[in-house]
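Hello,

Here is the structure I promised to pass on. Please open it alongside this note; my findings follow below.

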Amino acid sequence: MAEELIEGQVGNSSDEGNVGDVMVVGGGISGIQASLDLAEMGFKVYLVDKSPAIGGKMAQLDKTFPTNDCSLCIESPKFIECSRHPNINILTYTEVDSVEGEAGDFKVTLIRKPRYIVEDKCRGCTTCTEYCPVRVPDKYNQNLSYSKCTHIYFSQSVPLITYIDPETCLFLKERKCNICIGVCKNKAIDLHQKAERVEIEVGAIVLAPGYEAFDARVRGDYGYGKMPNVVNGLDFERILCSTGPYEGEIRRPSDGKHPKKIAWISCVGSRQVIPGGNSYCSAVCCTYIQKQVILAKDHDAEIEATIFHNDIRSFGKDFERFYQRTANLPGIRFIRSYVSLGREIPESKNVTIRYSTPDEGVKEEEFDMVVLAVGLNPPDDVEKLASKLGIELDSHRFCKTNPGNPVETSRPGIFVSGAFGGPVDIPESVMTASGADALCSQLLAYRRGKLAKARVYPPERDVTGEEPRIGVFVCHCGANIGRVVDVPSVVEYAYTLPNVVHAQEDLFTCSTDAAQRIAEAIKEKGLNRVVVAACTPRTHEPLFRDTLREGGINPYYFEFANIREHCSWVHSREKEVATRKAKDLVRMSVARAALLQPLQEFQLPVDKRGLIVGGGIAGMTSALSLANQGFEVYLVERDKELGGIARRIHYTLEGMDVQAYLKNIIRKVYQHPLIHVLTETTISEASGYVGNFVTRVKSGEKVREIRHGVTIIATGAEEYKPTEYLYGQDDRVFTLLELEEQIVKKEAKVVNARSLVMIQCVGCRNEERNYCSRVCCNNAITCALKLKELNPQMDIYIIYRDMRTYGFAEEYYREAANREVRFIRYEPEDKPVVEAVREGGEHILRVTVTDPILGKKIALDADVLALAAAVIPPATNAEICKLFKVPLNPDGFFQEAHVKLRPVDFAADGVFLCGTAHYPKPITESIGQAYGAAGRAATILSKDSITASGAICDVDESKCIACGACISVCKYGAIEFYETPQGKKARVIPVLCKGDGLCNSKCPTGAISLKHFTDEQIFAAIDAAVPALAEVHR
Amino acid sequence: MGYEFEPKILGFLCNWCCYAGADLAGVSRYQYPTNIRIIRVMCSGRVDLSFILRAFSNGMDGVFVGGCWLGECHYITEGNHDAISVVHLCKKLLGHIGVNPERLRLEWVSASQGIRFAEIMTDFTKKLKEIGPLGISEGIDEKGLKFKLEAAKTLVPYIKLVERERLRVHFNTDEEYKEFFGREEVDRLFRELIADKLAISEIMLLLRERPLSTGEISEVLGLSSSQVSKYLNSSARQGLIRFDESQKRFVPA
């Protein structure tokens, strides 16, 4: 459709002749992360999204598992970061039309769909939405509520501008209505806009178009789309969310009543080899169901939740505990059963589900509401996208990648991140985004920084000697503030306040022209402090701080008064009182502003070398990637040889020849001129901070000091040595890794065995190790398939708890079942029993297990028994964590900075992690994460210096009594004692200080203070909250 | 006529959760009473005891502290745990000097809980209306209240030391904090370590105005003369005050 509307002209939306470094396709969390990392590395990025706003699916989620963090709260600051980054050019409502050329030199044609809004004029005030007469289902709320034909996609949208739906707009359809044109004070509406063709040139492309939720209408077997109280997982996210259709109350669509009995059906559209279904496992649904159950119970403790499930696939970090947390809630039933939907009860619109249990047989039960845990599909129109980009798809219609590099597509120079490479969760999407960045950076290292922009500001005027001269700018925000608060009277009032020398009102203080007026007023009227009374500092403070710099004064002389979110919007019916409150808020801000101090954001030089601890596949991949991006790397390995645990792995499920891969990568590592390999080396001391670490390493007797700017921890994991099931007592009992070695050697005893039994979850998913080792199910299937290949007659039994062959591994599980590998499920309270018995003169290894289908114990005589031994963290992690001051989780793996959005970062800046040091994972995922760590590390190494915030703590030594109160609470280790002629005093290490100010409130003498939030500044605001006291503080 | 008491409320909100929650209340247009004035801090752990006392001393009828839910602090320092201790301690202090501790309220509000913020504001305003204006409802005159809060403010550095030495605890839930600060032993510690100091601090403030006799002091502070003698003796021993024979009154040393 768009094609016909396009006129011949070529649009020019950027100022540098449309040349960039990288185009990122898709503005979900993966695309956002990819863009931010690349921009930080010094590449110019085009971030292209077909939606009216960036954010993707994550913006629609209520919370994220397993921490139940609010999804939008953690994602939306990244929107702002993208929109403010000088190296990122966001193109929303834009689609890729064609890609020509080759790696390093792509010519891309984009189509910008008409929004019918002039982007740079719209301020997002939503007055047009208010007046638009056409109600349309709100897509953001999964069509469960209504919005207007002219609207902003969702309230935190970036860009925060409206768009008009051409399908429903009365003007665009019938030339009937143009109310919006009349009410828009900024003349931002253009109903004659046409699609625009834009050509850009880039060196590399990152594909992050994400996924689509499986459409349960397709098969029509669950009543979705027909029965109003059958919703899908994404619908339920919106229902849970406070910005959702029912304002965060759980109601059901048919009658708005609070459902008390809710059923979740898992694997809808996944693990189904039937027409219209997907044969793979969507990997995220088991855990998102659990999240939704927990949240539903949070909303309403009375809710009875029933989860119909197959295997529970809690294979991720902390997922097992999350599952237990869900299962332990009152009123929860987990029922392992296939189900079919019964019928809708005409009067109540309740829905019945038929299922079966071993004890009671087939049952039919009525529910108030049913949630279908739909899986992940490739994006709509994926074939079209693939053909435009010239990339291949795999058999599931996701992007084809190779196991040795999960971020490479079939076309050089085009990389993939996020769920387009296969169903993954948010952390995986973020890691692979950083990984794709590392590969872009390898490809384009030669041009890094060439197109990057940095803002240039006039020199800063020193105003420290001057009396405060405050300018107050009060914003109408279209009608958002002005309609409730009497803005002119606030301006008038501001003039009467101490130190205020200028006050004015603006329709939109944030608009480019208004910001310019502030900068001019600073210069012309000699302002040395600025107060903007408008919206929230959480979104707009960076903008106005910039404005102050443009006006030539220190950015920390800026202060906000939030009279929109905290006043006009929440007191919209009380105009008079709201106006009084706005005046109070302005007075408080003015009082505080008078005491603000100029702060210096300081620059720290960066040592452009990296240290990587651990020479397994993850460590080597990171090392090679950093070196290929042009950075010198030290790779430290405590063993004699590189390779880590991969030296014992021969095959992967997908058929990768691990030893060949390993040999190749070890060769590359040794041959790379920028990589220094230090084997048989341990770390004895580590100090310093981001950009400037100093680490002492010991090789034999030799000790050397390495200076580096970043550290990557890739210390790997080990295999648990079982103490159960006769391991170590009977030579027919192996671990899976040992079994693999036997298979590779074609050991007759193993290969010619008549029967082989595997027991899963040995040493984990128990009290001692309350986690799933993630790789063992895949490994068991790998071994089983290999053995069936070598000896098709062999009887193979896999005794398991849940088969966790998530994602595409599901195919191999199915293949094993087809090849007659027998799967027998056991419960943890009824574990299999292994005995060595003597029968008829033979030593028999006998495994007894309850077969849940037969409902009785069966005995299996095994020639070989293989134990899926847990993956465990190495004991040395305890030392590493102390040396580098990074935390371990309760299971002994390293704890990343943020489970969802900083999966390869540590909270300590400049230290990263990857591979099984993070959590057990298959080789392919380790490689992806290793590229991710290299990508993140490169964002630091590619800079000459890094900027640290000015709002940090500082010690007034004359007041310090060296009591240590501050040091004891600063977990960042940012405060230390040092000797002065006046004795021991505390001092702040500025780079480590995060500016929370806890030390400030602990200091008994007021010696340490958090700059920008000092006692005096806060006292001034406290006092000014009372009108009569305002005068006192001058 | 038709005059209704409108409590003045001051709020200290952490940037990452509660302030963001208040922003979301705005974005979602949840209406709540106009009484609160908000001051943003980076972490609820930055909320100093002296902030709260100063707000009351300025005549605020209520003080609100809002932070991230336990376990969700933006910082690894977990300052919200310190905020909860400070608030519990301050409530004891307020109770001790005769101010209704319900005037101080701490709540956790996540960035996604706009509606919760609005509900809390509505509820807190309602409660404060029931409690009534500061001082008058407690039966303390403005001057007396200011005096007591002033004395408490001078004690803040000392209380910080006591908190660190004797009352620094770390629990995972609000209930555990509540249970701990409700314990008799904590009350005893408070009486022994803080209440006595507070009385001495009040006496010092009084003596700085004019010399007073034991009887006069006990009248002003509403304490028994034997208690006052005890405090005067210990203060004299510490060299804080002395007895002026000529005036037959105590004066600062």
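Start with the open sheet in chain A. This is a predicted model, and in it five strands line up in the order 33-32-31-37-48, paired in parallel. Strand 33 (675-678) and strand 48 (911-913) of chain A stand at the edges. Each has a single partner strand, so one side of each is left without a neighbour in the sheet. From one strand to the next, the twist averages 20°.

Look next at one pairing inside that sheet. Strand 31 (residues 609-613) and strand 37 (residues 710-713) of chain A are joined by four bridges and run parallel.

Now move to another strand of chain A. Which residues of strand 14 (residues 204-207) of chain A lie on each side? Ala204(A) and Val206(A) are on one side, with Ile205(A) and Leu207(A) on the other. All four are buried, and both faces of the strand are covered.

Strand 14 of chain A also has pairing partners. Strand 2 (residues 22-25) of chain A pairs with strand 14 of chain A in the parallel sense, over four bridges. There, Met23(A) stands opposite Ile205(A). Strand 25 (residues 414-416) of chain A is joined to strand 14 of chain A by three bridges, again parallel. In strand 25 of chain A, Ile414(A) is the bridge partner of Ile205(A). As a reminder, strands of a sheet pair through backbone hydrogen bonds, either parallel or antiparallel.

One more helix in chain A is worth a stop. Helix 14 (residues 537-550) of chain A has 14 residues. From first C-alpha to last it reaches 18 Å, close to the 20 Å expected at 1.5 Å a residue. Its buried residues are Pro537(A), Arg538(A), Thr539(A), Phe544(A), Thr547(A), Leu548(A) and Glu550(A). Just after this helix, Gly552(A) takes a positive phi of about 90°.

On to chain B. Its secondary structure comes to 10 helices and six strands. The C-alpha trace spans about 70 × 50 × 30 Å along its principal axes. Chain B has 253 residues, and 50% of them count as buried. Among contacts in chain B with a separation of 6 or more, 74% come from residues 24 or more positions apart.

Chain B is divided into domain 1 (1-201) and domain 2 (210-253). The C-alpha centres of these two domains of chain B lie 33 Å apart.

Last, the place where the chains meet.

Best wishes

How values were computed:
Residues numbered from 1 in each chain as written. Chains lettered and ligands numbered in written order. Predicted model: local features only at pLDDT ≥ 70, side-chain atom pairs only at ≥ 80, totals over all residues. Domains from an automatic or database assignment. Helix = DSSP H or I, 4+ residues; strand = E, 2+ residues; numbered from the N terminus. Expected span 1.5 Å × (residues − 1). Buried ≥ 20, exposed ≤ 12 C-beta atoms within 10 Å, placed from the backbone. Contact = placed C-beta atoms within 7 Å. Pairing = 2+ DSSP bridges. Axes fitted to C-alpha atoms, helices over the stretch in contact; angles between N-to-C directions.
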